[in-house]
Amino acid sequence: ANKVAKNINVKLLGVSVLTSFDNNELKKLGFKNEVKDQVLKLIKIADKANLYGVICSPHEVKMIKKIAPKLKCFTPGIRLNKNKNDQKRYWSKSIGA
């Protein structure tokens with residue numbers, strides 16, 4: 001799929017763990033790993049597959065860049081205020097950089 005995508009100028013992205021999930025949600029779904037370990041596992045797969053980037057929590061960017069510096073990180077879990085709604089792993093200006 002990656003070869004075909006490059007031929008038609010499409011960038012493929014992977015998803016680490018949805019930002020609405022925490023360790024409890026992963027366990028309910030049958031995953032044995034905690035969020036951090038599951039993200040690590042999926043980032044290694046994304047890197048090996050030569051994906052353009054990953055959609056991830058802002059809290060995971062530093063870890064991802066250490067493992068796979070070429071992967072672009074897209075972080076939908078950034079909030080302008082503390083109202084996190086349905087998100088468990090988000091970032092806001094009150095948390096800081």
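Mentor: Two points before we start. Residues are numbered from 1 along each chain as its sequence is written, and side-chain values use heavy atoms, with hydrogens and water left out. Since the model is predicted, local features need pLDDT of at least 70 and side-chain atom pairs count only at pLDDT 80 or more, while totals for chains, interfaces and linings use all residues.

Trainee: Thanks! Which elements does the chain have, and what makes a run of residues a helix or a strand?

Mentor: Helices are DSSP runs of H or I with at least four residues, strands are runs of E with at least two, and both are numbered from the N terminus. By that rule the chain has four helices and five strands, in the order α-β-α-α-β-α-β-β-β from the N terminus on.

Trainee: How do you know that the length of α3 agrees with what a helix should span?

Mentor: The expected span is 1.5 Å times one less than the number of residues. For the 14 residues of α3, residues 35-48, that comes to 20 Å, and the end C-alpha atoms are 20 Å apart, so the two agree.

Trainee: Which residues of α3 are buried, and why do we say they line one face?

Mentor: The buried ones are V35, Q38, V39, I43 and A46. An α-helix has 3.6 residues a turn, so residues three or four places apart point the same way.

Trainee: Why is Q38 called buried?

Mentor: Buried means under 20% relative accessible area, exposed means over 50%, and partly exposed is in between, with a 1.4 Å probe and protein chains only. Q38 has 6% relative accessibility, so Q38 counts as buried. V35 is buried too, because its relative accessible area is 8%. By contrast, I45, also in helix α3, has 48% and therefore counts as partly exposed.

Trainee: What makes a set of residues a nonpolar core, and which is the largest here?

Mentor: A nonpolar core is a set of buried Ala, Val, Leu, Ile, Met, Phe, Trp, Tyr and Cys residues joined through side-chain atoms within 4.5 Å. The largest has 12 residues: V17, L26, V35, V39, I43, A46, V54, C56, M63, I64, A68 and L71. The elements giving two or more residues to this core are α3 and α4, and α3 gives the most, with four.

Trainee: How do you know that L71 is buried, and where does L71 lie?

Mentor: L71 lies in the loop between α4 and β3. Its relative accessible area is 1%, so L71 is buried. Beyond four places in sequence, the contacts of L71 include I43, A46, V54 and I64.

Trainee: Why is the pair of Y52 and F74 called tilted?

Mentor: A pair of aromatic rings is described by the distance of the centres and the angle of the planes. Rings of Phe, Tyr and Trp (its six-membered ring) pair if their centres lie within 6.5 Å; planes under 30 degrees apart count as stacked, over 60 as edge-to-face and the rest as tilted. A search of the whole structure finds one aromatic pair. Y52 and F74 form it, at 6.5 Å centre to centre and 35° between the planes, and the pair is tilted. Y52 lies in the loop between α3 and β2 and F74 in strand β3 (residues 72-74), so the pair ties together parts 22 residues apart in sequence.

Trainee: One last point: what is the phi of N50, and why is N50 called exposed?

Mentor: Phi of N50 is near 55°, a positive value in a residue other than glycine. N50 lies in the loop between α3 and β2 and counts as exposed because its relative accessibility is 52%.

How values were computed:
Contact = heavy atoms within 4.5 Å.
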